[in-house]
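Let us walk through this structure step by step. Keep the chains in view as you read.

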Amino acid sequence: MNPHQTRDKRTKGILWFGIGLLFLCMVVSLSFGRYPISIKDIIGYFLSFQMDIEPFWDAQTENILLQVRLPRILTSVLVGSALAASGASYQCIFRNPMASPDILGATAGASFGAALAILCNQGLYIITLWAFIGSLASVALIYLTGYKYGKGELTILILAGIMIKSLFSSGTAFLKIMADPTDQLPSITYWMMGSFSGISFAELLPVFVPMVIGLVILLALRWKMNLLTLDEAEAASMGVNVKQIRMLVIFAATLLTASAVSISGVIDWVGLVIPHIVRRTIGNDYKNLLPFSLVFGGLYMLLVDNIARNLMATEIPIGILTSVVGAPFFIWLLLGREGN
Amino acid sequence: MLEIKNLTFGYDGNVVLDEISYTANKGDFVSVLGLNGAGKSTLLKCILGCNQKYTGQILIDGRDIRGLSCEKMAEYIAYIPQNHVPSFSYTVFEMVLMGTNRMVAKFASPTKKQYQIAEKALETIGITHLSNRDYQKLSGGERQLCLLARAIAQQSPILLLDEPCTGLDFGNQMKVLEKLKELAEMGLIVMQTTHNPEHSYLFSNKIIAISKGKPLFVGSPKEIITTEHMKRLYGIPLRVYSLEEDRFRTCVPEENRMLVSV
């Protein structure tokens with residue numbers, strides 16, 4: 001057997017293990033909370049969709065499961081997957097392992113767009129649209145400054161990211177001054193901190209569709225993304241339409257970032273940390289990197305959200321928790337690079 | 001068959017390539033010689049389709065390749081750029097598999113068939129044992145062999161290489177050139193740019209020497225690698241010596257102090 005085949009088999013095995021683990025954690029997470037629900041009730045309730053089972057659980061359990069916990073858990077998994085996948089994709093576009101939606105300022109751009117839409121009293125669909133426009137603008141700016149003129153150098157990329165971030169956050173700060181302090185301001189502020197609390201299926205729906213579109217595009221292009229990380233002439237000589245595929249990847253990744261930001265606010269670091277852990281353990285081949293980032297991004301966000309809603313009596317905004325984990329990790333990464 | 005007819009290319013008013021005409025046939029191993037900046041790499045880029053604004057024609061099997069999509073071009077030409085390291089580290093197998101890209105639909109990943117092509121390419125070059133090794137951590141010679149395997153996996157009839165021996169030790173230079181010669185004997189058209197006339201004499205069967213964008217001499221190694229021609233090409237006093245019943249020819253500068261003054 002060729003040596004790469006054993007490696008491929010092992011990789012596939014780990015992926016299925018990860019998917020299994022994700023589902024298990026989702027079911028277990030349903031039971032956690034202020035109002036504990038037993039696993040038996042959860043399984044019984046879901047089986048009753050398919051089978052004839054006499055309910056041995058009460059109506060309140062049913063209500064909490066369907067209206068509160070299930071949408072929240074689905075959202076946290078989707079957002080984690082979306083951010084990790086878009087981080088991995090930006091890394092390919094910028095040919096740089098340090099790129100991610102937050103470092104590039106894409107989340108800051110999305111926040112600005114979304115805050116603008118909230119200020120104009122728009123619904124979630126319009127908020128998502130404006131978040132998309134905002135993050136697309138920031139990625140375009142980064143691409144021009146950091147990549148076209150800075151030749152993709154890490155320092156220039158990070159500096160350009162800082163610049164764009166501060167540009168958009170001062171824009172957002174200005175919007176906050178303009179906002180109605182009784183109604184709009186708290187909603188912008190709380191939303192900026194990032195949270196999954198109180199999410200219903202009605203709120204999930206407007207971002208679900210763009211997320212699925214973004215994920216499908218990226219998954220379909222995942223192997224081709226390897227070629228985008230090579231030299232441009234080299235990739236073209238192998239028959240890749242570099243411009244076209246790059247545009248598609250930017251579109252999809254930005255759609256994912258914007259959707260994630262519009263439903264859950266700013267959640268930093270996931271887009272950097274998760275793809276990195278996958279790169280270190282599974283390898284850089286996007287054929288594996290992307291699915292693994294999806295699964296483990298979702299799993300990570302689910303775990304962090306469980307901590308956010310169960311650790312203390314009051315809920316901790318999840319953005320705070322991910323930064324506590326992510327910022328030290330980033331420093332560790334930078335130090336590791338120096339060491340090489 | 002690769003035909004270049006009256007190829008002229010320039011930018012910002014500078015003529016880089018001036019009226020180059022050349023024909024290479026199946027099985028040819030062509031070496032392009034020339035000074036730095038003579039237009040060797042530009043010639044490769046024109047054939048590759050990266051430089052589209054040339055006048056004249058480039059034909060492959062009688063078909064004008066101007067304006068062809070890169071997907072289509074990849075069917076005709078594989079290219080190995082000058083030694084460089086990609087930003088992400090892939091395994092050798094992953095690198096070679098990328099060569100099959102032209103057989104993979106736009107929104108798809110390689111299937112069993114492409115995996116077999118990549119495995120076969122590794123075998124042809126004799127580096128199956130490197131499959132799981134990290135490309136970034138390979139030696140220069142192993143990297144070049146890996147890129148060669150990738151070009152084979154592309155299964156295109158023409159192979160262009162930009163100074164494939166730069167930065168390699170002597171042994172690896174011979175290994176890479178030996179492989180290139182084998183590939184030409186298998187029926188490919190192989191075209192490399194090189195700064196080493198001795199290599200071109202030993203391995204290739206055709207030589208173009210370019211000077212200031214113009215073809216200075218065109219012919220077989222025996223015709224081109226001579227004292228007279230090399231002197232004119234490189235502009236220093238030198239002598240070409242024949243060794244081992246003319247199996248090998250070597251360029252030796254005539255007076256050492258001339259090297260300093262040039």
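Start with a pair of helices in chain A. Helix 1 of chain A and helix 12 of chain A pack with their axes 10 Å apart, at an angle of about 25°. Angles under 35 degrees count as roughly parallel, so helix 1 of chain A is roughly parallel to helix 12 of chain A. The crossing of helix 1 of chain A past helix 12 of chain A is left-handed. Keep in mind that this is a predicted model.

Which residues make this contact? From helix 1 of chain A come A:Thr11, A:Leu15, A:Gly18, A:Ile19, A:Leu21, A:Leu22, A:Cys25, A:Met26 and A:Ser29. Helix 12 of chain A answers with residues including A:Asn288, A:Pro291, A:Phe292, A:Val295 and A:Phe296. Others from helix 12 of chain A include A:Gly298, A:Leu299, A:Leu302, A:Leu303 and A:Asn306. Sorted by class, the contact of helix 1 of chain A with helix 12 of chain A holds 13 nonpolar and six polar residues, and no charged residues.

Helix 1 of chain A also packs against helix 3 of chain A. Here the angle is about 140°, and the axes are 10 Å apart. Helix 1 of chain A and helix 3 of chain A are therefore oblique to each other. Their crossing is right-handed. Helix 1 of chain A contributes A:Met26, A:Ser29 and A:Leu30 to the contact. Helix 3 of chain A contributes A:Leu65, A:Arg69, A:Leu70, A:Ile73 and A:Val77. Six residues of the contact of helix 1 of chain A with helix 3 of chain A are nonpolar, one is polar and one is charged.

Now follow helix 3 of chain A, residues 59-93, to another partner. With helix 8 of chain A, the packing angle is about 30° and the axes lie 9 Å apart. That makes helix 3 of chain A roughly parallel to helix 8 of chain A. The crossing of helix 3 of chain A past helix 8 of chain A is left-handed. On the side of helix 3 of chain A, the contact includes A:Pro71, A:Leu74, A:Thr75, A:Leu78 and A:Ala82. On the side of helix 8 of chain A, it includes A:Phe201, A:Leu204, A:Met211, A:Gly214 and A:Leu215. The contact of helix 3 of chain A with helix 8 of chain A has 14 nonpolar residues, three polar residues and no charged ones.

Next, look at where the chains meet. How many residues of chain A are in contact with chain B? There are 28, and they touch 30 residues of chain B. Helix 1 (3-31), helix 8 (201-228) and helix 9 (232-237) of chain A each give two or more residues to the side of chain A that touches chain B. Helix 8 of chain A gives the largest share of that side, six residues. The residues of that side divide into eleven nonpolar, ten polar and seven charged.

The largest nonpolar core has 166 residues. B:Val96, B:Cys146, B:Ala149, B:Leu160 and B:Val190 touch the most other members. Helix 12 of chain A, residues 286-310, gives the most to this core, with 13 residues. Set aside the neighbours of B:Val96 within four places in sequence, and its contacts include B:Ala118, B:Ala121, B:Leu122, B:Cys146 and B:Ala149.

In chain B, helix 1 spans residues 40-48 and is mostly covered, with eight of its nine residues buried. Among the buried ones are B:Lys40, B:Thr42 and B:Lys45. B:Gly49 follows helix 1 of chain B, and its phi is positive, near 95°.

Finally, consider two backbone exceptions. Most residues other than glycine have a negative phi. A:Trp269 is not a glycine, yet it has a positive phi of about 75°. A:Trp269 sits in the loop between helix 10 (242-264) and helix 11 (270-281) of chain A. Is A:Trp269 buried or exposed? A:Trp269 is buried, because 25 other C-beta atoms lie within 10 Å. B:Asp61 is not a glycine either, and it has a positive phi of about 50°. B:Asp61 lies in the loop between strand 4 (55-60) and strand 5 (63-64) of chain B. B:Asp61 counts as exposed, with 12 C-beta neighbours inside 10 Å.

Definitions and conventions
Residues are numbered from 1 along each chain as its sequence is written. Chains are lettered from A and ligands numbered from 1 in the order in which they are written. This is a predicted model: local features need pLDDT of at least 70, side-chain atom pairs count only at pLDDT 80 or more; totals for chains, interfaces and linings use all residues. Two residues are in contact if their C-beta atoms, placed from the backbone, lie within 7 Å. Helices (H or I, at least four residues) and strands (E, at least two) are DSSP runs, numbered from the N terminus. Ala, Val, Leu, Ile, Met, Phe, Trp, Tyr, Cys and Pro count as nonpolar, Asp, Glu, Lys and Arg as charged, and the others, Gly among them, as polar. A nonpolar core is a set of buried Ala, Val, Leu, Ile, Met, Phe, Trp, Tyr and Cys residues joined through C-beta atoms within 7 Å. A residue is buried if 20 or more other C-beta atoms lie within 10 Å of its own, exposed if 12 or fewer, and partly exposed in between; C-beta atoms are placed from the backbone. Axes are lines fitted to C-alpha atoms, for helices over the stretch in contact, and angles run from 0 to 180 degrees between N-to-C directions. Angles under 35 degrees count as roughly parallel, over 145 as roughly antiparallel, 65 to 115 as roughly perpendicular and the rest as oblique. A crossing is left-handed if the near helix is turned anticlockwise from the far one by less than a right angle, and right-handed if clockwise.
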